[in-house]
Amino acid sequence: MKRGSRRVATVAKVHGQFTKTDLLAAVAGFRGGVSFQAPLRVYTSFRIGGPADVLVEPADTEDVCLLVRQARARKVPFFVLGGTNLLIRDGGIRGIVMNLAGLRKIREEPDSVLYAEGGVGMPTLIGYAIRHSLAGLEWAAGIPGTVAGCVVMNAGTKLGEMKDSVKAVRMVNMKGQVVDVPAAQVKFEYRRALLPPGVVVGVWVQLRQGIRSEIERVVKDYLHYRRDTQPLALPSAGCVFKNPPSDSAGRLIEAAGLKGARVGDAEVSMKHANFMVNRGQARAADVTALIGKVRSAIRRRAGVRLDLELKIVGKT
Ligand SMILES: Cc1cc2nc3c(=O)[nH]c(=O)nc-3n(C[C@H](O)[C@H](O)[C@H](O)COP(=O)(O)OP(=O)(O)OC[C@H]3O[C@@H](n4cnc5c(N)ncnc54)[C@H](O)[C@@H]3O)c2cc1C
């Protein structure tokens with residue numbers, strides 16, 4: 001989407017409690033990109049999802065503050081996405097969807113701390129850390145989300161979790177004010193962080209001085225491991241289910257003979273049973289049906305209830 005463009009297409013006149021006038025008022029004075037009836041599938045790694053009433057790309061943190069204040073005043077809901085742990089339903093998302101791709105600055109601070117704006121991709125931050133010989137983010141190699149999304153999800157791998165690296169989080173709260181939240185005040189759980197409501201617009205990560213070639217080697221090894229074990233050539237949203245206590249969702253699904261199970265173009269990956277892949281034209285309804293099928297089979301066969309790691313949002 002072209003920054004600053006104002007492509008006003010048809011939006012339904014009334015959505016629940018808000019009207020088209022409310023949507024226009026919520027984005028008034030916004031300096032970043034705004035597009036109406038924006039197809040969200042192109043913003044997700046799954047390549048699935050209906051449109052947003054309005055998709056916005058804030059130019060900077062001030063823009064986020066303005067939007068939150070105006071959206072709240074008009075009672076227009078907003079949702080923030082990076083797009084790599086999401087299944088957006090086929091009816092899309094009502095209200096405002098915010099993509100922070102424009103918040104992409106990184107700076108080095110004293111004592112091996114990096115500050116990254118919320119829209120910085122984790123791969124970009126790792127690349128920056130490598131170039132500055134800063135160690136400590138190698139665990140995250142291959143996670144495609146934004147740093148903000150990684151904090152919200154407490155993203156993690158076998159090697160570590162976001163909570164091990166975060167020093168503090170900069171947020172825009174629901175009043176549209178910027179607040180800094182030290183990591184010590186955040187409760188991090190398995191694939192979620194209990195943050196105050198609002199938008200994560202920046203993250204401080206605490207790293208340590210290291211040897212560039214050594215950091216690079218660990219990152220490359222982990223990327224190779226991922227390439228060998230995960231279906232990275234096909235659209236997906238990473239692992240669909242959380243691992244149940246002391247077991248692995250992938251192991252249970254594979255043992256149930258569900259690799260390759262399919263609904264429409266949604267398929268349980270042959271390479272990694274906890275991934276579902278989009279074989280072409282999968283709809284969200286296909287993925288949710290496949291999720292239901294896998295869950296019932298695992299409950300029947302192993303007596304285990306699989307909880308979702310994937311976030312499912314939007315209207316059917
Ligand atoms: C190939 C592949 C491999 C993956 N491997 C891993 C892995 O190893 N480990 C792992 O943990 N995950 C993995 N993931 C999943 C995903 O990358 C992570 O969950 C990541 O943290 C999601 O970040 P995101 O920016 O895409 O957020 P999204 O998926 O868009 O959003 C996740 C949640 O965070 C919220 N959110 C996002 N940004 C903000 C913000 N700025 N402010 C407030 N709320 C926000 C959203 O509203 C949503 O509720 C993988 C995904 C793929 C496609």
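1. Strand here means a DSSP run of E with at least two residues, while a helix is a run of H or I with at least four residues, and both kinds are numbered from the N terminus. The model is a predicted one, in which local features need pLDDT of at least 70 and side-chain atom pairs count only at pLDDT 80 or more, whereas totals for chains, interfaces and linings use all residues. Residues are numbered from 1 along each chain as its sequence is written.

2. Strand β20 (residues 236-239) runs antiparallel to β23 and is joined to it by 2 bridges; two strands are said to pair if DSSP finds at least two bridges between them. Strand β22 (residues 266-268) also pairs with β23 in the antiparallel sense, here over 3 bridges, and E267 has V277 as its bridge partner in β23. With 6 residues between them, β22 and β23 form a hairpin.

3. A residue is called buried if 20 or more other C-beta atoms lie within 10 Å of its own, exposed if 12 or fewer do, and partly exposed in between, with the C-beta atoms placed from the backbone. In a regular strand the side chains alternate between the two faces of the sheet.

4. D286 is found in helix α7, and D286 counts as buried because it has 21 C-beta neighbours inside 10 Å. Leaving out residues up to four places away in sequence, D286 touches V263, G264, D265 and A266, where contact means that the C-beta atoms of two residues, placed from the backbone, lie within 7 Å. D286 and E267 are 19 residues apart along the chain, and their C-alpha atoms are separated by 9.0 Å.

5. The largest nonpolar core has 91 residues, and those with the most contacts inside it are L67 and V151. Such a core is a set of buried Ala, Val, Leu, Ile, Met, Phe, Trp, Tyr and Cys residues joined through C-beta atoms within 7 Å. Helix α7 (residues 284-302) gives the most to this core, with 6 residues. Apart from neighbours within four places in sequence, V151 is in contact with M162, V166, V169, A193, V200 and V203.

6. An open sheet is formed by 5 strands in the order β9-β10-β18-β14-β15, with antiparallel pairing. The strands β9 (106-109) and β15 (178-182) stand at the edges with a single partner strand each, so one side of each is left without a neighbour in the sheet. Within this sheet, strand β14 (residues 166-173) and strand β18 (residues 198-206) pair in the antiparallel sense over 7 bridges, and A168 stands opposite W204 in β18.

7. On the scale of the whole chain, an automatic or database domain assignment gives domain 1 (6-99), domain 2 (106-214) and domain 3 (231-313). The C-alpha centres of domain 1 and domain 2 lie 25 Å apart, and the contact between them takes 13 residues from each of the two. On the side of domain 1 that touches domain 2, the largest share, 7 residues, comes from helix α2 (residues 61-73).
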